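Me: Please take a close look at one part of this model for me. I want to know how the two chains pack against each other, with some context around it.

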Amino acid sequence: MIPLSHSLAIAALLFVLGLAVVLLRRELLFILIGLEVMLNGVALTAIAAGQYWGNADGQVLVIMLMTVTAAEVVVALILVWLAYDHYKAVRVETLTHLKDETERSSS
Amino acid sequence: MYEFIFYLSSVIAVIAAGAILVVRHPVHAALYLIVSLLALALLFFLLGAPLLAAFQVMLYAGAILVLFLFMMMVMNLRTERNLPLLLPANWGGMALLALLLWLVLLLLLSRSSLDMADNIMVIGPTAVGNALFGPYLVVVEAAAILLLAALVAALYLSRKGKR
């Protein structure tokens with residue numbers, strides 16, 4: 001039987017790797033993929049804890065997490081596409097001008 | 001033996017997640033993410049959650065990541081100019097990890113599952129369904145409203161005209 005601490009350590013490692021992808025890779029698609037890795041670390045935490053306590057609540061939480069992820073990915077991918085379409089931006093540094101000139105450049 | 005399979009698949013998941021940090025093209029990152037998700041599905045199965053292992057393969061790797069790859073190929077965002085979409089030289093890493101994961105799965109399937117069924121507590125689909133549609137019915141309705149909101153947002157953001 002795997003102890004709970006080992007599963008939690010693996011989940012924490014996955015979460016930190018996803019956070020590093022979000023913070024270090026400054027491209028929009030890589031940020032979304034890093035978010036996926038972080039959510040999977042959370043899912044592993046929930047399932048390991050649910051198996052440890054012996055009830056199905058962790059799995060219910062992970063099913064809810066998958067639904068939230070699907071909704072998030074759909075909207076975020078369209079937003080990435082719109083950012084590329086309007087501003088030719090694939091990196092987040094080019095999306096920092098949330099001021100008057102965005103009004104002028106878009107209209 | 002059970003511990004060896006568990007730690008080997010967890011090592012595959014962590015290596016595939018770490019490879020996302022260093023690859024250059026987003027398609028490669030998505031493929032490494034698929035390998036990591038499959039290894040995580042094996043971890044879920046070994047922890048005793050077979051329904052979530054199947055959902056991980058079907059929903060995450062089968063639906064969400066295919067949506068990712070489809071949108072990446074349709075959008076064709078050029079992070080670097082004039083780079084071909086898939087470099088043939090970079091297929092090695094994820095193919096090696098996927099092959100290793102397949103060998104782990106073969107190793108798991110070749111063992112008689114009776115010797116480790118006594119020390120894994122399996123929570124099957126029946127218990128999950130009873131919990132999901134019993135005390136957590138409000139969560140299901142909230143998920144329905146969330147999916148409706150995501151559908152409305154997708155239709156609104158991808159409408160034609162007013163560009």
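Reply: Chain B has 6 helices and 0 strands. Read from the N terminus, its elements run α-α-α-α-α-α. This is a predicted model. Of the 163 residues in chain B, 40% are buried. Take the contacts in chain B between residues at least 6 apart in sequence: 74% of them join residues at least 24 apart.

Now the packing between the chains. Two packed helices are described by the angle between their axes and the distance between the axes.

Which residues of the two helices meet? Helix 3 of chain A brings A:Met64, A:Thr67, A:Val68, A:Ala71, A:Val74, A:Val75, A:Ile78, A:Leu79 and A:Leu82. Helix 6 of chain B meets them with B:Val139, B:Ala143, B:Leu146, B:Leu147, B:Ala150, B:Ala153, B:Ala154 and B:Leu157. By class, the residues of this contact are 16 nonpolar, 1 polar and no charged.

B:Tyr156 also takes part in a charge-over-ring arrangement. B:Arg159 lies over the face of B:Tyr156, at 4.3 Å from the ring centre.

Next, the aromatic pairs. A pair of aromatic rings is described by the distance of the centres and the angle of the planes. Over all chains the count is 2 aromatic pairs. In the pair of A:Tyr52 and A:Trp53, the ring centres are 5.0 Å apart and the planes stand at 75°. Plane angles over 60 degrees count as edge-to-face, so this pair is edge-to-face. A:Tyr52 is partly exposed, at 49% relative accessible area. A:Trp53 is exposed, at 67%.

B:Phe6 and B:Tyr7 form an edge-to-face pair as well. Their centres lie 5.6 Å apart, with 85° between the planes. B:Tyr7 counts as partly exposed, at 30% relative accessibility.

Conventions: Residues are numbered from 1 along each chain as its sequence is written. Chains are lettered from A and ligands numbered from 1 in the order in which they are written. This is a predicted model: local features need pLDDT of at least 70, side-chain atom pairs count only at pLDDT 80 or more; totals for chains, interfaces and linings use all residues. Side-chain values use heavy atoms; hydrogens and water are left out. Rings of Phe, Tyr and Trp (its six-membered ring) pair if their centres lie within 6.5 Å; planes under 30 degrees apart count as stacked, over 60 as edge-to-face and the rest as tilted. Buried means under 20% relative accessible area, exposed over 50%, partly exposed in between (1.4 Å probe, protein chains only). A charge sits over a ring if NZ of Lys or CZ of Arg is within 6 Å of the ring centre and within 35 degrees of the ring normal. Contact means heavy atoms within 4.5 Å. Helices (H or I, at least four residues) and strands (E, at least two) are DSSP runs, numbered from the N terminus. Ala, Val, Leu, Ile, Met, Phe, Trp, Tyr, Cys and Pro count as nonpolar, Asp, Glu, Lys and Arg as charged, and the others, Gly among them, as polar.
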